[in-house]
Amino acid sequence: HHHFDHCIMILNSEGNNILKRLSPEQYEKLIHTLENAILSTDLALYFKKKSQFAELVHNHQFNWDDESHRDILRGMMMTACDVAAITKPWPIQFRTANLVASEFFEQGDRERNDLSLEPMAMMDRKKKDDLPKMQVGFIDAICISLYQVLAELQDGLTPLFDGCVANRASWQELANNPDSCQVCVPQTPIITSTVISDRTIPPPIEAWKSNDRITSKRKSRRCTIC
């Protein structure tokens, strides 16, 4: 409930109370909707709701006028947005995954060094070479079935499913052939004047593509991702 509690704290802060003109009934309904949407990203609830959602869609029983059906859809869209980087073009997906992994590894280092705890695999720097394999597992367990059902419900969401499938193939390629990333992965160092919380922002995609062309010329072969 941390994210929901933090949201309420922000809304109740001076200058942020955008809900103050709502009636008690409207406020209660909105807060209930907000809480359900945020809590839907919890994986325990996600898997339960996804099964319900998939059954409704596969059996052509989803009803846009049914509030409970819209609530389930809202929860699925929250998770779809939460993991949406998995649907982006490959250079963006690769860099995003590595930035997230770097943050996880930092947490794992603190758990091991400061708390004498053994971090879970996804936060264990010793297993950084397993990132492609872990990404494939993440896509299979969380992402691909979700985007597939969303695409079945609404054709306009098909590009999200297609992007997820394409990135899974790319991660599988890296898992099978670790050296492939030396050819197809952007090599441009992160150089920018923009700083947020002491972490720099990656350069524009154009910079990666430009560097890709230079890097590719230096290599004697190209991988199947390229």
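Me: Why is His69 called buried?
Reply: Its relative accessible area is 12%. Buried means under 20% and exposed over 50%, with partly exposed in between (1.4 Å probe, protein chains only). Because 12% falls under 20%, His69 counts as buried.

Me: What kind of model does this come from, and how are its residues numbered?
Reply: This is a predicted model, in which local features need pLDDT of at least 70 and side-chain atom pairs count only at pLDDT 80 or more, while totals for chains, interfaces and linings use all residues. Numbering starts from 1 along each chain as its sequence is written, and side-chain values use heavy atoms, with hydrogens and water left out.

Me: Where does His69 sit, and which residues is it in contact with?
Reply: His69 belongs to helix H4, residues 67-82. Helices here are DSSP runs of H or I with at least four residues, strands are runs of E with at least two, and both are numbered from the N terminus. Contact means heavy atoms within 4.5 Å. Setting aside neighbours within four places in sequence, His69 is in contact with Leu56, Gln61, Phe62 and Asn63.

Me: How do you know that the span of H3 is close to what is expected?
Reply: H3 (residues 43-58) has 16 residues and reaches 22 Å from its first C-alpha to its last. The expected span is 1.5 Å times one less than the number of residues. For H3 the expected value is 22 Å, and the helix comes close to that.

Me: Which residues of H3 are buried, and what makes them line one face?
Reply: Tyr46, Lys49, Lys50, Phe53, Ala54, Leu56 and Val57 are the buried ones. Seen down the axis, they fall within an arc of 155 degrees, so they line one face of H3. The arc is taken over the directions from the helix axis to the C-beta atoms. As background, an α-helix has 3.6 residues a turn, so residues three or four places apart point the same way. The face of H3 turned away from its buried side carries the exposed residues Ala44, Lys48 and Glu55. The cover over the buried residues includes helix H2 (24-39), H4 and helix H6 (131-153).

Me: Lys49 is a lysine, so why is it listed as buried?
Reply: Its relative accessibility is 15%, and Lys49 therefore counts as buried. Apart from neighbours within four places in sequence, Lys49 is in contact with Asn36, Ser40, Asp71, Ile72 and Met76. The C-alpha atoms of Lys49 and Ile72 are separated by 6.3 Å, although the two are 23 residues apart along the chain.

Me: What makes Asp42 a cap for H3?
Reply: One of its side-chain oxygens lies 2.9 Å from the backbone nitrogen of Ala44, at the N-terminal end of the helix.

Me: What makes a group of residues a nonpolar core, and what is in the largest one?
Reply: A nonpolar core is a set of buried Ala, Val, Leu, Ile, Met, Phe, Trp, Tyr and Cys residues joined through side-chain atoms within 4.5 Å. The largest has 31 residues, and those with the most contacts inside it include Phe53, Ile139 and Trp171. H3, H4, helix H5 (90-114), H6 and helix H7 (158-176) each supply at least two of its residues. H6 gives the largest share, ten residues. A second, separate core of six residues includes Phe4, Ile8, Leu11 and Ile38.

Me: How do you know how far to trust the coordinates?
Reply: pLDDT is the predictor's confidence in each residue, from 0 to 100. The chain has a mean of 83, and 79% of its residues reach 70 or more. Over residues 185-221, pLDDT stays under 50. Where pLDDT is low, the predicted coordinates should not be read in detail.

Notes: Polar contact = N/O pair within 3.5 Å; in protein donor to acceptor, adjacent residues only side chain to side chain.
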